[in-house]
Amino acid sequence: MEPRIDARRHAQEAHKAMYALEKYLAESGLEHGLLHLMKMRASQINGCAYCIDMHSKDARALGETEQRLYELDAWRETPFYSDRERAALAWTEAITLVSETHVPDSVYEEVCKFFNEKEVVDLTFVVTTINAWNRLAIALRAVPGHYRPTTFAASAG
């Protein structure tokens, strides 16, 4: 696989804005492990190999188990996730598949049981941001496999 364009070399101001969103989310108070599960799940739905690679590595660096990472695409059928994580994953799926789901009230009501209003907005920004990164990486063919976790494992993308 060959990349189409190295996006980091172009549109630096747009990248700065995306990284500013990531910085905000990393400092939002939401658990970094949860952020990576959400980003990984959206990336699975979108088929973004680059972001799946990145967030699985970052999640492992934070201590996430292999079992939970392997089972993420079947999270509803496993006992490995908390109710809070399940609500966030359902929210992630509903937003990522917005043209199909229109984000049902039942999913919203469930996420509101575990997160306050600010956190629901922040979760929505997590999903919105990873969907944007997925579209950039897929369209420009970012090549997976070279990413290495940083000491700040809640980083962008």
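Start by selecting helix α2 (residues 32-46) and helix α5 (residues 83-96): their axes come within 9 Å and cross at roughly 35°. Helices here are DSSP runs of H or I, at least four residues, numbered from the N terminus. The axes are lines fitted to C-alpha atoms over the stretch in contact, with angles running from 0 to 180 degrees between N-to-C directions. This is a predicted model, where local features need pLDDT of at least 70, side-chain atom pairs count only at pLDDT 80 or more, and totals for chains, interfaces and linings use all residues. Residues are numbered from 1 along each chain as its sequence is written, and side-chain values use heavy atoms, with hydrogens and water left out.

Now show side chains. On the α2 side, pick L34, L37, M38, R41, A42, I45 and N46; they meet E85, A88, L89, T92, E93 and T96 in α5. Contact means heavy atoms within 4.5 Å.

The axes of α5 and α8 come within 10 Å and cross at roughly 50°. The two helices are therefore oblique to each other, as angles under 35 degrees count as roughly parallel, over 145 as roughly antiparallel, 65 to 115 as roughly perpendicular and the rest as oblique. Select R84, W91, T92, I95 and T96 of α5, then E119, V120, L123, T124, V127 and N131 of α8, to see who makes the contact.

Next, the inside. Which residues have the most contacts inside the largest nonpolar core? Select M38, W91, V111, F115 and L123; the core has 26 residues. A nonpolar core is a set of buried Ala, Val, Leu, Ile, Met, Phe, Trp, Tyr and Cys residues joined through side-chain atoms within 4.5 Å. Buried means under 20% relative accessible area, exposed over 50%, partly exposed in between (1.4 Å probe, protein chains only).

Center on L123: leaving aside neighbours within four places in sequence, L123 is in contact with L30, L34, M38, W91, V111 and F115. Apart from this core lies another, of 7 residues, including M18, A42, C48 and I130.

Last, two backbone spots. A11, in the segment before α1 (12-26), has a positive phi of about 50° although it is not a glycine. V103 sits in the loop between α6 (98-101) and α7, and phi of V103 is also positive, near 50°. With a relative accessible area of 21%, V103 is partly exposed.
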